[in-house]
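Subject: Structure handover

Hello,

My notes on what was found follow below it.

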Amino acid sequence: MSMTTPPGWYPDPSVPAVERWWDGTAWSAHTRPAGGGAPPAVAAVPARRVSGGRGARIALAAAVVAAVAVTAVVVLRPGDDGTPGARPPAAATSGPAAATGSPGAAPPTPSTPVTPSATEEDATILLDQLNGIDLPIPQGWSKAEIGIDQAPTMVTIGDAQCPNSTRLCKPGRVLSRTLTSTATTHRAMAEQDVVDAAEQMYGEDGLGNQHYGGVTGHTVVAARQAVVAGRTGYLVRWRVTTGKGPGGYVQSLVFPSPNGVEQPVTVRFAFDAGPDGPPLALMDRIARGIRPIGSATGGGVGSSLAPGGTR
């Protein structure tokens, strides 16, 4: 509703056959048939038969006075008048202004509901609002309904049998979270965080289950600087062996938050080895696509990330 629309009669947003008075700041309770005609002074009050001519006139006058009093003191809220489409602004007034609407003025329109931003609805983007980044969701992946440890998480759409339990496991998992570390360099942070990431992804869960038989060993397959979301960080990638099954690859990618603070962020990757796991080079493609929220470019330009090869 535009607060600059002049006072006048305009079609009721919910009842096109009726016109309602707009006093320049709010809808009033006054209506009239569409196309003109004398507006009723107040809402209609059912007539009551009273014996005697003078008594009937007194009763009718009392009813009109009561209706006028109610109209003068009631402040309408959206839906008070029974028309869901009539939504006056908060600064509502009780009656019409003396001025009439300009014939050329555009009629008021009902308010439009606010919808979430396209980024929040985008199925190809994983948002980490806390750390100010978004990650590209590859084809065949989706956002996890419940993130790992409540962190923003994306997973492969398909499931595979867990090698050490009757449950189904996701062959690919990626999450983003704020990192708390006592280390003073991003390299040291990544080297520490990959230990936690391996245990989180392939070790014992919160209920004591070991769906992969636990982590039994690892080999470092990559350790290098990387430019992510315009900030220089460090990654460490392990080839993890497990008590059951072919194991997998775990990567910890640590870099400063692009929010303008030096709080470190870690993006943890877990790709199962074997035929069910995603291609290892996808870790680098996801990392190159990480961007500050609202930015059109990520860490690809100047990034030292190189294709990780194949398994």
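Start with glutamine 150, which lies in the loop between β6 (141-143) and β7. Helices (H or I, at least four residues) and strands (E, at least two) are DSSP runs, numbered from the N terminus. Phi of glutamine 150 is near 65°, a positive value in a residue other than glycine. Most residues other than glycine have a negative phi. Glutamine 150 counts as exposed, because its relative accessibility is 79%. Buried means under 20% relative accessible area, exposed over 50%, and partly exposed in between (1.4 Å probe, protein chains only).

Alanine 229 also has a positive phi, about 55°, and is not a glycine. Its loop runs between β11 (215-228) and β12 (231-242). Alanine 229 has 6% relative accessibility, so it counts as buried.

Before the rest, some ground rules. This is a predicted model: local features need pLDDT of at least 70, side-chain atom pairs count only at pLDDT 80 or more, and totals for chains, interfaces and linings use all residues. Residues are numbered from 1 along each chain as its sequence is written, and side-chain values use heavy atoms, with hydrogens and water left out.

Confidence

pLDDT is the predictor's confidence in each residue, from 0 to 100. The protein has a mean pLDDT of 76, with 66% of its residues at 70 or more. Residues 55-118 have pLDDT below 50; beyond near neighbours in sequence, this stretch has 82 contacts in the model. Residues 300-311 stay under 50 as well. For them the model has 31 contacts beyond four places in sequence. A contact means heavy atoms within 4.5 Å.

Overall fold

The secondary structure comes to four helices and 15 strands. Of the 311 residues, 37% count as buried. Among contacts with a separation of 6 or more, 54% are between residues 24 or more positions apart.

Helix α4 (residues 281-288) is mostly covered, with six of its eight residues buried. They are Ala281, Leu282, Met283, Asp284, Ile286 and Ala287.

Tryptophan 21 sits in strand β2 (residues 18-22). Its relative accessible area is 5%, so tryptophan 21 is buried. Proline 11 is 10 residues from tryptophan 21 in sequence, and the C-alpha to C-alpha distance is 8.8 Å.

Disulfide

How many disulfides are there? The count is one, taking a disulfide as a pair of cysteine sulfur atoms within 2.5 Å. Cysteine 162 and cysteine 169 form it, with their sulfur atoms 1.8 Å apart. The torsion about the S-S bond is about 110°, so this disulfide is right-handed. Cysteine 162 is buried at 3% relative accessibility, and cysteine 169 is buried at 9%.

The largest pocket has a volume of about 690 Å³. Of its 23 lining residues, the closest to the centre are Ile148, Arg167, Arg173, Asp205 and His211. β7 (153-156), β9 (168-169) and α3 (186-202) each give two or more residues to the lining. The lining divides into 10 nonpolar, five polar and eight charged residues.

For the set-up: on a 1 Å grid over the protein atoms alone, a pocket is an open set of points where a 1.4 Å probe fits, with protein on both sides within 12 Å along at least five of seven lines; lining residues have an atom within 4 Å of a point. Volume is the space filled by probe spheres set on the points. Ala, Val, Leu, Ile, Met, Phe, Trp, Tyr, Cys and Pro count as nonpolar, Asp, Glu, Lys and Arg as charged, and the others, Gly among them, as polar.

Best wishes
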